[in-house]
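Hello,

Here is the structure I promised to pass on to you. Please have it open while you read, as my notes follow below.

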Amino acid sequence: AAAPEILKDIRLFDVYTGQNIVPGVKSLALGLILQASSHTLTDQEVDAAMQRVITTLERELGAQLRD
């Protein structure tokens, strides 16, 4: 529900629970498919969509973006 209209799909492509990860925590890698049917997306649109997804994951699930 928090994803922008240009977010067409989210794919989980990796789950890591090993070295350098706190025990009981998982590192998830997500692929986001962004697409607009009426125009080519700008960097600003993509950045805003990514930030909205990240913010929602942080707020709703306590997720943290790894460095």
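A salt bridge here is a side-chain nitrogen of Lys or Arg within 4 Å of a carboxyl oxygen of Asp or Glu. Side chains of opposite charge can pair when their charged atoms come close. The structure holds 2 such bridges. In one, Glu 60 pairs with Arg 59, with 3.3 Å between the closest N and O atoms. Both Glu 60 and Arg 59 are exposed, where exposed means over 50% relative accessible area, buried under 20% and partly exposed in between (1.4 Å probe, protein chains only). In the other, Asp 9 pairs with Arg 11, and their closest N and O atoms are 2.8 Å apart. Asp 9 is partly exposed because its relative accessibility is 29%, while Arg 11 is exposed at 51%.

Before going further, a word on the source. This is a predicted model, in which local features need pLDDT of at least 70 and side-chain atom pairs count only at pLDDT 80 or more, while totals for chains, interfaces and linings use all residues. Residues are numbered from 1 along each chain as its sequence is written, and side-chain values use heavy atoms, with hydrogens and water left out.

Now to the strands. Helices (H or I, at least four residues) and strands (E, at least two) are DSSP runs, numbered from the N terminus. Tyr 16 sits in strand β1 and is partly exposed, with a relative accessible area of 35%. Tyr 16 and Ser 27 are 11 residues apart along the chain, and their C-alpha atoms are separated by 5.0 Å. Not counting residues up to four places away in sequence, Tyr 16 touches Ile 21, Val 25, Lys 26 and Ser 27; contact means heavy atoms within 4.5 Å. Asn 20 is exposed, with a relative accessible area of 73%.

Which residues make the nonpolar surface patch? They are Ile 10, Leu 12, Val 15, Leu 28 and Leu 30, and the patch covers about 440 Å². Patches are made of residues with over 30% relative accessible area and no salt bridge, with like charges joined within 9 Å and nonpolar side chains (Val, Leu, Ile, Met, Phe, Trp, Tyr) within 5 Å. Accessible areas come from the Shrake-Rupley method with a 1.4 Å probe, and for residues only the protein chains shown count as cover. Strand β1 (7-16) gives the largest share of the patch, 3 residues. Val 15, in β1, is partly exposed at 44%.

The loop between β2 and α1 holds Gln 35, which is partly exposed at 47% relative accessibility. Leaving aside neighbours within four places in sequence, Gln 35 is in contact with Ile 6, Lys 8 and Leu 41. From Gln 35 to Asp 67 there are 32 residues in sequence and 26 Å in space, C-alpha to C-alpha.

Is Thr 56 buried or exposed? Thr 56 counts as buried because its relative accessibility is 16%. Apart from neighbours within four places in sequence, Thr 56 is in contact with Ala 2 and Leu 61.

Best wishes
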